[in-house]
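Please take a moment with the sequence and the model below before reading on.

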Amino acid sequence: MASSVSKTLLVLLAAHLLGVAAADNCTLASFNITLGGRLQSLKPFSFPCFSQYNGIPMGPDEAACKVIQSNYSDPFLRANSVNGYMYNQAEICASEPANQCLLDNSDPTNPPALDASCNQGNMPSFSLEVQGPKDVVEAFRFSSCSGTRLSIKNSGHDFLGRSSGQGTLSLWTRHLQSMHYNPAFVPIGCNATSKYDTITVQAGVNFDEVYHFANAHNVTFIGGYSPTVGVSGGWTQTGGHSILSPVYGLGVDRVVQYKIVTPDGKYRIANECQNQELFWALRGGGGGTFGVVMESTHRVEPRVSIVSASIKFPPKANSSNVLPFLDILVNNAVKWAHEGWGGHISGNSLINVTPLLSLSEAKDSLSEAIAYAKSQGGTAVIEEFPSWYEFYQKYVVPNAVTVGNAHFAATRLIPKTVFETATGRADLMKFFSVLLSKGGSVYIPVVGPLLYKDVKPNSATPAWRDAIWSVGADGFWAWNSTLQTREQKVAEMQDMTAVLEEITPGSGAYSPEANPFTKDWQEAWWGSENYGKLLKIKEKYDPNGLLSCWKCVGWKETDAQSSCFAAFD
């Protein structure tokens, strides 16, 4: 769908995008020559289906369009496409509803969507498939010279659209696929007493691939729930929660080394023994911020058996039987946290796991929830798996989050203290009642690392360490929503986020799944002390702001006015 750009076209586009370059090596054409002609012009994902592009008539590619229409919600197609993003907010210019190129995700063949012009929206203008550190060094050199900002993309799995950006040059890492298992890894520059059982992955590896690799080596990789989330990117660089996190910690607790190209053009190794401040920043400070990570090394666990619980029941009209179920979950949250349960709750269903209980203990632990679900005509399947991978294949892959839509997670971390008082529990239930009354959906990742104690200094929000749940007030936009509708949805999301903030004073949020329009985002996503240190490190390694994404470290409020979210901030 994206084709190589000729030298002539590059010069014309360079003049449009950048103006007259100050020096010959600042042009896209000369940059492309340096890369051996590998720079690509980037068109939207659905581009082949349209007969107009940016208002100019063209001929659609029917064969390519049929592939897209048949697989519009397939995360694997999007992950493996240079222009594929999981959520529409990464593609569209949200402040200008006509500036987008979307199909109707409920029916990708719906003609009204195809009658519009396919416009560039928030998509980067160009893309470079990164083959190694040298490509990134050259990209930073070009960015510094020309003023073109960069964005970093693996699979495009980001609720805040941080791997996209209008007018940027996208660095696509997906094809960096190397993996290596080392049962006695010593971080470079450290003494031999610092040995870890590890898997090292390059920047393009996603969880589906690393889980298969870990299983082949008889170890357990603690990672995300979605098969197409990247291991080395925003997941592990902002915190990285897992349904195994209650026992085994966050992604930032398990990474022991990064290899990264920083905006000054240096290829660096960051671990506990060298570039320590950068290592601290990368473990929580955010992807797409301090450089382009080329690979990361993570501690793994031995193969462990786990018990899983899949409990669900059909909701009644107005979800009247959902609140009693949620009340059971709220009142048992602390007990279950100490038993190692982690998972996901979606109103009338849950899929949870624990490595700490036997099958009979698990059934006793969840007896109240099981009994209620069955009383509502539901089911409860409690079973034991010999490894994480067997559970992953049965429950995670078939239950992947729907993509190809505009979806904001808008979560807030709920600390243990909320569940320990009658007032806190009542406040949380009131939130759920209001959310359901508005037609909202309940989204609760049970991922707080409450039992994990081997915490090394890192820059993720300290609120993680007291959290049991992460509760969301999801927001959605239809493909053809008006600006007024979008503003209304954002206002509703802001109201619900404010309620969660009132319930959880002093807590925070996991930034990749937070409300993107959070006002005091620095405090909420990192804490003021962490953010101040992160900002100094950002200014040290990227003083010219070559890497900039929505409310990442170093982002300024004035940046909103030139973004595709200008109308909402």
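This is a predicted model: local features need pLDDT of at least 70, side-chain atom pairs count only at pLDDT 80 or more; totals for chains, interfaces and linings use all residues.

Where domain 1 and domain 2 meet, 20 residues of domain 1 are in contact with 28 residues of domain 2. The area buried between domain 1 and domain 2 is about 1,900 Å², and carbon and sulfur atoms give 67% of that area. On the side of domain 1, the residues that lose the most area to domain 2 are Phe140, Ile152 and Arg162, which together account for 33% of what that side buries.

What kinds of polar and charged pairing are counted between domain 1 and domain 2? The count of salt bridges between domain 1 and domain 2 is 0, whereas 9 residue pairs, both residues at pLDDT 80 or more, are found in polar contact across the interface. The side of domain 1 that touches domain 2 receives at least two residues from each of α4 (75-79), α6 (133-146) and β5 (150-153), and the largest share, 6 residues, comes from α6. Sorted by class, that side of domain 1 has 12 nonpolar, 6 polar and 2 charged residues.

The UniProt record, in an unreviewed entry, places the feature "domain: FAD-binding PCMH-type" at residues 120-303. In the model, the end C-alpha atoms of residues 120-303 lie 46 Å apart, and the span is 24% helix and 27% strand.

Side chains of opposite charge can pair when their charged atoms come close. The structure as a whole holds 14 salt bridges, and one of them joins Arg38 to Asp135, with the closest N and O atoms 2.6 Å apart. Because Arg38 lies in the loop between α2 (28-34) and β1 (39-41) while Asp135 lies in helix α6, this pair ties together parts that are 97 residues apart in sequence.

Methods
Residues are numbered from 1 along each chain as its sequence is written. Side-chain values use heavy atoms; hydrogens and water are left out. Contact means heavy atoms within 4.5 Å. Buried area is the accessible area (1.4 Å probe) that two parts lose on being put together, summed over both. A salt bridge is a side-chain nitrogen of Lys or Arg within 4 Å of a carboxyl oxygen of Asp or Glu. A polar contact is a pair of N or O atoms within 3.5 Å; within protein, one must be able to donate a hydrogen and the other to accept it, and residues adjacent in sequence count only if both atoms are side-chain atoms. Helices (H or I, at least four residues) and strands (E, at least two) are DSSP runs, numbered from the N terminus. Ala, Val, Leu, Ile, Met, Phe, Trp, Tyr, Cys and Pro count as nonpolar, Asp, Glu, Lys and Arg as charged, and the others, Gly among them, as polar. UniProt positions are given in the numbering used here, feature names are shortened, and annotations may be inferred rather than shown by experiment.
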